[in-house]
Amino acid sequence: DHGMTCLMQHTLVYSGEHIHVNEEYPITRADIVIGTEADWGQYNYIEDGVLGGFDIELTKAVCEAAGKTCAIVTVPWQSVWPASFPELGWPDNTKTYPGIGTNNVWFHCTSGTRNTIARQQSAAFTDPYTDKTRDYSGFVTRTDGQLSADAAGKRVAILEAQSYTTFFRANNGPSKMLRFSASEIIAPALMKDVWRLLETGEVDAVYTGSTEADAFLQAGSNAEKYEKRHFGSSGSEGVSYMCRPEFGDIVQALNAGLRKFKQTAEYKVLCDRYPMIDCDTAGSEW
């Protein structure tokens, strides 16, 4: 339409060898693509339309230290580690098979991923960037409620597709050999819905990670009404970058960046800015 004036400033231009916008904003191909759900407390979130959180800042610093160009994409967490495979007729992903996003290489790696033995069967992990000796899971319940360590006869809410969720389900049942014996498990896809079940009294407790529990207890007057109980190890080796197994070179690059960044004062500043995250300080200078 000759009556319309087009804005050409950011139009892609092919110069014969490269596609670019202009000299000020060149297009660069990412060496590493990192996936995140952007819905995990201080680790990663979207606020006012902007991606933020510990994972996001850490990734930028790690990639810079490794000399790599990284891109961060948002993906549904169930595309990384699904709760079920309905297309295969599996109501539960008991074998911890990776999801469609992981299998179809929507990304090379994901941030904010707990390293567990079950996940190690199909994925590769970097060094942890949280302290595995403090990466515990347990119950959050009302301060005036009764709850045994095995949650016997209780209704428990857990967040779907999380490592501690897999652990809880695998260890829950009527057998005395199992760690838990909850009467009912409810597993919403969103953490806000998990907490709402506790707040409305539809469940007796929430089984979750220590970071998630601390974030909930520090909100409003929650610390007056609820408390943590029976926290312990659920088999996590800490939070790491998880990569598809064929990307060993990327795991090596991220590890190099992690180890280098951990030795800087900026790493301590980052950890101090997110106090609810238990940073791994092994190899750091502080």
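Residues are called buried under 20% relative accessible area, exposed over 50% and partly exposed in between, with a 1.4 Å probe and protein chains only. The structure is a predicted model, in which local features need pLDDT of at least 70, side-chain atom pairs count only at pLDDT 80 or more, and totals for chains, interfaces and linings use all residues. Residues are numbered from 1 along each chain as its sequence is written, and side-chain values use heavy atoms, with hydrogens and water left out.

Backbone angles were examined next. Most residues other than glycine have a negative phi. Ala38 has a positive phi, near 60°. Ala38 lies in the loop between strand S3 (32-36) and strand S4 (39-40). Strands here are DSSP runs of E with at least two residues, helices are runs of H or I with at least four residues, and both are numbered from the N terminus. Ala38 counts as buried because its relative accessibility is 9%. Val105 also has a positive phi, near 55°. Val105 sits in the loop between helix H2 (100-103) and S8. With 39% relative accessibility, Val105 counts as partly exposed.

Strand S15 (residues 239-243) is largely enclosed by the rest of the structure, because five of its five residues are buried. Two strands pair if DSSP finds at least two bridges between them. S15 pairs with strand S8 (residues 109-114) in the antiparallel sense, over four bridges. Within S15, Val239 stands opposite Arg114. S15 also pairs with S9 in the antiparallel sense, over two bridges. Here Met242 of S15 is the bridge partner of Phe125.

Aromatic contacts were then listed. A pair of aromatic rings is described by the distance of the centres and the angle of the planes. Rings of Phe, Tyr and Trp (its six-membered ring) pair if their centres lie within 6.5 Å; planes under 30 degrees apart count as stacked, over 60 as edge-to-face and the rest as tilted. The structure holds 18 aromatic pairs. In one of them, the ring centres of Phe54 and Tyr129 are 6.0 Å apart and the planes stand at 35°, so the pair is tilted. This pair links distant parts of the chain, 75 residues apart. Phe54 belongs to helix H1 (residues 54-66), while Tyr129 lies in the loop between strand S9 (124-125) and strand S10 (136-142). Both Phe54 and Tyr129 are buried. The pair of Phe85 and Trp90 is edge-to-face, with 5.9 Å centre to centre and 85° between the planes. Phe85 counts as buried at 10% relative accessibility. Trp90 counts as partly exposed at 34%. One aromatic cluster is formed by Trp40, Tyr43, Phe54, Tyr129, Tyr241 and Tyr274.

A charge sits over a ring if NZ of Lys or CZ of Arg is within 6 Å of the ring centre and within 35 degrees of the ring normal. Lys228 lies over the face of Phe231, at 4.7 Å from the ring centre. Ala149 and Arg229 are 80 residues apart along the chain, yet their C-alpha atoms are separated by 7.9 Å. Ala149 lies in the loop between S10 and strand S11 (155-157). At 45% relative accessibility, Ala149 counts as partly exposed.

On a 1 Å grid over the protein atoms alone, a pocket is an open set of points where a 1.4 Å probe fits, with protein on both sides within 12 Å along at least five of seven lines; lining residues have an atom within 4 Å of a point. Grid points are joined across faces, edges and corners, and a volume is the space filled by probe spheres set on the points. The largest pocket has a volume of about 400 Å³. Of its 22 lining residues, Thr96, Ser163, Thr165, Thr166 and Phe167 are the closest to its centre. Helix H3 (117-120) and helix H4 (163-170) are the elements that give two or more residues to this lining. H4 provides the largest share, six residues. The lining of the largest pocket divides into eight nonpolar, 10 polar and four charged residues. Ala, Val, Leu, Ile, Met, Phe, Trp, Tyr, Cys and Pro count as nonpolar, Asp, Glu, Lys and Arg as charged, and the others, Gly among them, as polar.

The second largest pocket has a volume of about 300 Å³. It is lined by 18 residues, of which Trp40, Gly41, Met191, Trp195 and Ala215 lie nearest its centre. H6 gives the most to this lining, with four residues.
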